[in-house]
Amino acid sequence: MKTIYTRVRAICLLLILWSNGLYAEGIKVAVSSNFTAAAKELVQLFEVQHGIEVSLSFGSTGKLFAQIHYGAPFDLFLAADAERPAKLVALGDAIKDTQFTYAIGKIALYSKSTSLAGLSIDQLRALLSNGLVAMANPKTAPYGVAAQQALDKMGVSESPNSKRIYGENIAQTYQFIETGNVKLGFVSLSQMIVNPRNVYWLVPLEYYQPLKQDAVLLKSGADNPEAKQFLHFLNTPQARSVMQKHGYGV
C-alpha cells in the first residue's frame, strides 16, 4: 500500500511540474560567435519571463551551417549573415517564411598594446601594412568577409610585411589579440562594448557590406512551440533594446 501511495505522489508531482511549464521541452539554438554576450543576456530575460530553458551553442556561421545541414538537432539558427539561413531554407533544413534579420553587425579594429584613439586613416593603414593582422576566416565567418572588404577599401593588401592570421570564428580572433599573440585585428563591436576600457577604431559602415544577421526556424524545431516563442521574442522592443546596448543595429 505504501508503495502505491508513493507512486501516486510521484505521478501527481510530475503532473504539477508539467502544468507549471517546468517540465518543458526547451530550446536548442545555434548562435554565431559574435552574438555571444547579447544572446546570453537575451536568454536570461526570456527564461525569467517564460520559464523555458534555452541551450546555446556558439561557433562560426559556416561551421554551424554545416552541422545543421548534417543533422545537428538545433531548433533555431542565429547566423551572422542572411545567405546561410536562406540556403538552409532552400535545402529543406529550415522553415520557409520564418527567416528575418534580427540584428545588423558592426566591426571594429582593436589592439590591446597600441592605442588607436585619434589616429588618421593613413596612420591606421600604416599599422595594418606592417605585421600580423588577425581576422575571422572569410570562408566560414561573415565578420571575416567584412574585415577583408574593409582592408580592400583602405588599400591594404597582404604582403611579406603584412600577414593575416585567421581565427576559426570572431571569438577566437578576439583571443588572438587579447592574449597578445597578435597586436592588431578586426573584431565585432559587441566584443568591444563588453569592456568599457577597450580602445578601438569603429570601422565606417561604408567600408563593408551590411552585416545582416538573420534568424530562422529549423526543420528539427518546426514542431517546438517554445522555439517559435523565442523567435518571436527576438522581435520585441525589449530584445531589440538589448541588442542595441551590445552595439548592434536593429
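Guide: Domain bounds come from an automatic or database domain assignment, and for this protein that assignment gives domain 1 (27-104 + 211-246) and domain 2 (106-207). This is a predicted model, in which local features need pLDDT of at least 70 and side-chain atom pairs count only at pLDDT 80 or more, while totals for chains, interfaces and linings use all residues. Residues are numbered from 1 along each chain as its sequence is written, and side-chain values use heavy atoms, with hydrogens and water left out.

Taken over C-alpha atoms, the centres of domain 1 and domain 2 are 26 Å apart. Where the two domains meet, 16 residues of domain 1 are in contact with 16 residues of domain 2, contact meaning heavy atoms within 4.5 Å. The size of an interface is often given as the accessible area lost when the parts come together. Buried area is this loss, found with a 1.4 Å probe and summed over both parts; between domain 1 and domain 2 it is about 1200 Å², with 62% of it on carbon and sulfur atoms. On the side of domain 1, Asn 34, Leu 211 and His 246 lose the most area to domain 2, and together they make up 40% of what that side buries.

The rule also finds one salt bridge across the interface of domain 1 and domain 2, a salt bridge being a side-chain nitrogen of Lys or Arg within 4 Å of a carboxyl oxygen of Asp or Glu. The side chains of Lys 63 and Glu 168 meet in a salt bridge, at 3.5 Å from N to O. This pair links distant parts of the chain, 105 residues apart, with Lys 63 in helix H3 and Glu 168 in the loop between strand E7 (162-167) and helix H7 (170-178); here helices (H or I, at least four residues) and strands (E, at least two) are DSSP runs, numbered from the N terminus. Lys 63 is partly exposed, with a relative accessible area of 38%, and Glu 168 is partly exposed as well, with a relative accessible area of 38%, where buried means under 20%, exposed over 50% and partly exposed in between (1.4 Å probe, protein chains only).

Helix H3 (61-69) and strand E10 (211-217) each supply at least two residues of the side of domain 1 that touches domain 2, and the largest share of that side, three residues, comes from H3.

Key:
Buried area = accessible area lost by both parts, 1.4 Å probe.
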